[in-house]
Amino acid sequence: MLTDPSVKYKRYTPIDLPDRKWPSATYGAKVPIWLSTDLRDGNQALANPMTIDQKTSFFRQLVKCQVKEIEVSYPAASDTDFNFVRGLVENGEIPDDTWIQVLTPAREDLIRRTFDSVAGAKHVILHMYNATSPSFRNVVFRNSKEQTIELAVRHTKLVRQLTEEFAAKHGTVFKYEYSPETFTQTEPDFAIEVCEAVKTAWGKAGTGEDRIIFNLPATVEIAPPNHYADQIEYFGRKITEREKVIISLHPHNDRGTGIAAAEMGMLAGADRVEGCLFGNGERTGNVDLVNLALNLYTQGVNPNLDFSDIQSVIDTVTQCNDLPIHPRHPYAGELVFTAFSGSHQDAIKKGFEAQKVRHSTGENSYWDVPYLPIDPADLGQTYEAVIRVNSQSGKGGIAYLIKQNLHLDLPRKMQVAFYQVVQAIADKEAREMTVDDITTAFRQTYHFGGSAYQGRLALRNFKISSEPNHDNTENSGDEDERKRFDGTISVDGVYRVLRGNGNGPLSALLDALKTHLDIEFTIREYTEHSVGQDQGAKAASYVEIVPAGDRKSAVSWWGAGLDSDIAESGLRALLSAVNCAIGDRPLPELKLSVGFNASSGHDDISSRIVNALGLELPRRLQSSFFEVVQRAARDSGGEITYDALINLFKTTYCFSTPSNPRFTLGAFKLEQTGDGAGRQFNGEILFNGEKKSVVGQGNGPLSSALAALHPFIEGELRIREYSEHSIGEGTEVGAASYVELVYDVAGSKKRSAWGISIDTDITASGIRAVLNAASTLDIGLKKNATQ
Ligand SMILES: [Zn+2]
């Protein structure tokens, strides 16, 4: 760029108009006549001009929008343009109240061809132009001013003669439009001189419908909009018989002020505007008619154009022009009714609420919502669903919808990934996608939210412990910071008990997947945010995984998780990503192998139990049962069948077999004691079938039941571990409880045993588990227990 651009670029020459009136005129006092030149000026600017089918659907759209004057083509320019006009006329496409306009240069053969194209039409505006600016006169055409006027006059007379012939032959009603092309670069007085000569040559200008149209194009926008307004006001003052003239604007947008130029031109007295929908047109485009009309509308002025289904207009125009509409385009861009900023969203929400009150109390009926100058509903949009997504839509809009509907604030890169998913669906189905389509696509892709969307791997239950928890040994407390994942995961519908270690819960789960399922990935990105507030708050997590060890991988998979527990949220997100990554590749099946040192044998046995009985054994019970299995396997020569395994479990833990436990639970009641923290157990326990009323106090239901047992036994029972989980589904749901009791009696070694129980009542389930455990210990009874 130049330091002094004035050596290269000339300033425009202002008009001396000190008493200009237009700055004080009232905006919207007059609604202009609109002419769409989409099918002519707009079409000429397309890399691929419209086909006849496209032009026809565009024409119908314009009719639907109530555009009453439509420039349909430059018929002499091509056969397509000529045939298109013939088709409109012959197929009766043109409503009786609509004028088609055809453009021709001032050349006899082209004028005659133009007339031929409209033969039989009811209402036609014949539009002729010639260039009038000095550079065109002197350089392009080498015409003097006189020759320029003579050219316009001679051909205007021909147009007049032909209109009379065609009117007589076809009953066509004609209007005549003359454009001094490059008006804004023409000396103002010369432009008027040419137009006066044309008006005289035409000789038929009258008032009302008989007015002659002088179209004053800013063929190239070369000056600020106020200058255009000055030129229009000057023309309007000087032209004679102003009442017999329609002053028409034809702004282009080279300086980005096409809208301003048109609005100031209207203030300066123009009667008519030529433009294109959404501003298509040569270079930076013609002035945007939708924008102009809706600017009037939001000032409370009916523009006489109908954009109440603006989406259908957008669809037609983008399909015909094969050009997108900018997402920030006034009134029409996909983001214009979207607030990404939380504070804006909040203000809009409050604005809607306050407005509802104002409207219902009759205070006023005005539209007044922050950040929304127009009610989206007036354009057939809603604020919530205002982004209508098709394959042309952007990722920002999709991310916004996910946030609105699922409360997920997707990381940037995940937005890109999901956008590609939506685009693929939109392309495949070749239709616009609704909000529902998009949220469903998200749920299906990321196996998010509910069993209906469950993936091949689904987290059922888990425990994260801070340190490796060596089976059957006390923790020494000096381990490193590593985490352990112990959990049950449904794999293709089969429960698998998995265990893994890592620096955190996610890497521990990855380790477990690698060990048990040959699934190997590396986490490249992890983020989280909270959703909701206070009690209802949840954590949303996002995980990106790549092939193991390949952090620079071009391929990656995303996953999302949501849970009130932040660790669970992260684990769910990881499984979500893994589900995306594994697709339908086969996974290693559950194999039962009982060895003496195979740690997988340990988990495989637990997997068998959970699938057969629904029991998700606590880790230490798994270890305990593993020892039982190993002993049984040794006794039977190293082999144990599946059925034998399940039976072994049932008999070992008195579980759902017709065994008669030594202690069983009768009717009971639990009451709060003292300050309400303790419990008192009042009820019946059957000792070998013999009913006894017992009472005991403790910190909770289990310890109070145990206390009730104590007066009848030798030695002491203590609960070492207790855990529970829900089991079953729907109305059948119950609680599974696991209790490990330690029995200490003088003269014997300490012993421990596990008890398991299932009950629809969680308290009863826990107490029964205590009694089942006690039943398997060889407990000495006091005399009072046996009568
Ligand atoms: Zn133009």
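Author: Arg272 and Glu69 are both buried. The model is predicted.

Reader: What makes Arg272 and Glu69 count as buried?

Author: The cut-off is relative accessible area: buried means under 20%. Arg272 and Glu69 both fall in that class.

Reader: How do you know that Arg272 and Glu69 meet in a salt bridge?

Author: The N to O distance is 2.8 Å. A salt bridge needs a Lys or Arg side-chain nitrogen within 4 Å of an Asp or Glu carboxyl oxygen, so the pair qualifies.

Reader: What parts does the pair tie together?

Author: Arg272 lies in strand E8 and Glu69 in strand E2, so the pair joins parts 203 residues apart in sequence. Both residues also belong to a salt-bridge network with Lys175, Glu177, Glu209 and Glu274.

Reader: Why is Arg60 called partly exposed?

Author: Its relative accessibility is 47%. Buried is under 20% and exposed is over 50%, so Arg60 falls in between. Arg60 forms a salt bridge with Glu93, with the closest N and O atoms 2.5 Å apart. Arg60 sits in helix H2, while Glu93 is in the loop between helix H3 and strand E3, 33 residues away.

Reader: Which class do Glu241 and Lys244 fall in?

Author: Glu241 has 36% relative accessibility and counts as partly exposed. Lys244, at 21%, is partly exposed as well. Their side chains meet in a salt bridge, 2.8 Å from N to O.

Reader: What makes Asp41, His250 and His252 donors of the zinc ion?

Author: Distance. They lie 1.9 to 2.2 Å from the zinc ion. Donor atoms must be within 2.8 Å of the metal, so OD of Asp41 and NE2 of His250 and His252 pass. Along the chain the spacing is D-x208-H-x1-H. Asp41 in helix H1 and His252 in the loop between strand E7 and helix H9 are 211 residues apart. Both Asp41 and His252 are buried.

Reader: How do you know which side of helix H20 its buried residues are on?

Author: The buried residues are Leu645, Ile646, Leu648 and Phe649. They cover an arc of only 155 degrees around the axis, so they are on the same side of H20. Asp643 and Thr651 are exposed on the other side.

How values were computed. Residues are numbered from 1 along each chain as its sequence is written. This is a predicted model: local features need pLDDT of at least 70, side-chain atom pairs count only at pLDDT 80 or more; totals for chains, interfaces and linings use all residues. Side-chain values use heavy atoms; hydrogens and water are left out. Donors are N, O and S atoms within 2.8 Å of the metal (3.2 Å for Na, K and Ca); water is not among the atoms, so sites may look incomplete. Helices (H or I, at least four residues) and strands (E, at least two) are DSSP runs, numbered from the N terminus. Buried means under 20% relative accessible area, exposed over 50%, partly exposed in between (1.4 Å probe, protein chains only). The arc is that of the directions from the helix axis to the C-beta atoms.
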